[in-house]
Amino acid sequence: MPPDLDTPAEIAGLDLPNRLYRAPLLECAGDGPDAIDRLVDELEPAAAAGAGLIFQGAMPVRREGGRVAPNMTHLASPDRADDLRRLTDAIHDHGARIVAQLDHGGVRSLETWHRPYRAANPDLRQLAVSKPPRLLRLAARAGFLDYDFDVLSTADVYDLAADFGRAAGHAVAAGYDGIHLAGANMGIIQQFCSPYYNRRSDEFGGSFGARLRFLELVHEEIRERVGDLPVLTKIPVETAAPPFVRPRLSAADGVRLAEHAERIGFDAVVPVRGSTFWDLSLVRGQHPEQAWGDDRFQDDYAAVFGGRARARLVAAANRLQAHYYDFEPAWNADLCRQVRETTSLPVLCEGGIRGRAEMDALVGSACDLVGVGRPFYAEPRLPARLLDVETNGTTPTEDPHAVCENCNNCAVPQATGARGVCRTPSVLEAAVELRRAGAYERSPSDERDG
Ligand SMILES: Cc1cc2nc3c(=O)[nH]c(=O)nc-3n(C[C@H](O)[C@H](O)[C@H](O)COP(=O)(O)O)c2cc1C
Ligand code: SF4
């Protein structure tokens, strides 16, 4: 029998009850006293509803600097690990697994574009792999970005890799089941791998292999602390970058990168097609009209982007991007299939995957596990509808689909520090109807067994 979404799976000895995972999404839980409660509130419903694997959103490996969005929760200290144990216990109680994603933003860091954060942290300097590309420097000259960067010395690169390792050690202490590297989304790992960003002349730049050396070093540092626990990474491909952006990571480079990841000891990969920039190519969908027009956020948008006129320009750029990066069902499937043909690693596929039949078709052909991101904002207990579980009295739909409409109204307000929640009334109403009909309930034995 070919596997389907309900078939158990394994990643490097980690048993998973099924092949559905929650893709990493920023929880914006912050570092305050309620951070862990907020993380539990956000992540536990997916586990309780049956998701086999939960990827927590990215956590910075340093307390200072390297954050890519407001209100991230760092993993840079042992006391944080003590607190996070409550989260991992809550997930494990439902038979699910949870993996910590580690990140550093490099030149994508928050203070480069978020004015209030910059004002509160005037001394923060960004870690740059090389001098930022000309286009980004031009954006800085036009006042859209604010760079104050230090190109990493060779010794700095080793220090940063060691911080990834230390954070992984904290994750083990906190009870996580594995480590996931934020290897794409224009974070510092992608910046090292990408010929667009990396023009170094030391051991971390020059050839294709040298550009991957940082990824290798980070893996070594992590492995030393996590032993046999699975270590995964996103694999960046930059084919969605505007045509004038050169050089960049091609799909063939992404496949080579995945092969290299296998050789150096990673246990699974998540190949993603994106751009050289942090844009809507990662979250393909419609222009978030409603979120940009929402009166509740106008003052905050103006504060974040440096005035109402600038906020309007950012919204206009967003509109262009949405046109360019239209929604495509399972937009990473082809790339995943290519990676699966050349490596023996489990391949995880995410991006625009919404329906059960589509998931069954992907599992075993394009990938080994399928991930869902934004739809969890609309339906925190979505797995109960997608997986083959006994629901309380309702007849499972033939081919259940997430109700999410890919409009990105959940994502844009996060720039102001707002929580990631669905903000599209028709979608919320559909979810309420489903809740009333009991579609998110599971039988008590399913809840208990995970
Ligand atoms: C608001 C938001 C936050 C995200 N945060 C992360 C993150 O922290 N780390 C990461 O690797 N990907 C992140 N992603 C990308 C998702 O993991 C996923 O790849 C993307 O949303 C596409 O999947 P979807 O179409 O199912 O939403 C984020 C996406 C969104 C919309
Ligand atoms: S706002 Fe709601 S419908 Fe729109 S992308 Fe986000 S979760 Fe989906």
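A nonpolar core is a set of buried Ala, Val, Leu, Ile, Met, Phe, Trp, Tyr and Cys residues joined through side-chain atoms within 4.5 Å. Buried means under 20% relative accessible area, exposed over 50%, and partly exposed in between, with a 1.4 Å probe and protein chains only.

**Ground rules.** I am looking at a predicted model, where local features need pLDDT of at least 70 and side-chain atom pairs count only at pLDDT 80 or more, while totals for chains, interfaces and linings use all residues. Residues are numbered from 1 along each chain as its sequence is written, chains are lettered from A and ligands numbered from 1 in the order in which they are written, and side-chain values use heavy atoms, with hydrogens and water left out.

**Entry 1: the cores.** I looked up the largest nonpolar core and found 83 residues, of which L87, L102, F164, I188 and F214 touch the most other members. Helix α5 (residues 154-174) is the biggest giver to this core, with eight residues. Helices (H or I, at least four residues) and strands (E, at least two) are DSSP runs, numbered from the N terminus. Another core lies apart from the largest one; it has 16 residues, including I11, Y21, L53 and L369.

I then picked L102 and listed its contacts (heavy atoms within 4.5 Å). Not counting residues up to four places away in sequence, L102 touches M59, V61, L75, F164, A167, A168, I179, H180, L181, A182 and I222.

**Entry 2: helix α8.** How many residues does α8 have? Helix α8 (residues 213-226) has 14, and it reaches 20 Å from its first C-alpha to its last, close to the 20 Å expected at 1.5 Å a residue. The expected span is 1.5 Å times one less than the number of residues. I noted the buried residues of α8: R213, F214, L215, L217, V218, H219, E221, I222 and V226. Just after α8, G227 takes a positive phi of about 60 degrees.

Entry 3: I went looking along the loops next. The peptide bond from R246 to P247 is cis, with omega near -15 degrees, and P247 sits in the loop between β9 (231-237) and α9 (251-264).

C28 is not a glycine, yet it has a positive phi of about 55 degrees. I found C28 in the loop between β3 (20-22) and α1 (35-48). Is C28 buried or exposed? C28 counts as buried because its relative accessibility is 3%.

N408 is not a glycine either, and its positive phi is about 65 degrees. The loop between α16 (383-386) and α17 (425-436) holds N408, which is buried at a relative accessible area of 1%.

**Entry 4: P375.** P375 is in helix α15 (residues 375-378), and I noted it as buried, with a relative accessible area of 0%. Leaving aside neighbours within four places in sequence, P375 is in contact with R354, L382, A402 and C404.

Entry 5: I counted three cavities of 30 Å³ or more. On a 1 Å grid over the protein atoms alone, a cavity is a set of points where a 1.4 Å probe fits but cannot get out, and lining residues have an atom within 4 Å of a point. Grid points are joined across faces, edges and corners, and a volume is the space filled by probe spheres set on the points. The largest cavity has a volume of about 80 Å³. I found 14 residues lining the largest cavity, with A378, C404, C407, C410 and C422 nearest its centre.

Note on methods: 1 Å grid on protein atoms, 1.4 Å probe; cavity = no way out; pocket = protein on both sides within 12 Å on 5 of 7 lines; lining within 4 Å.
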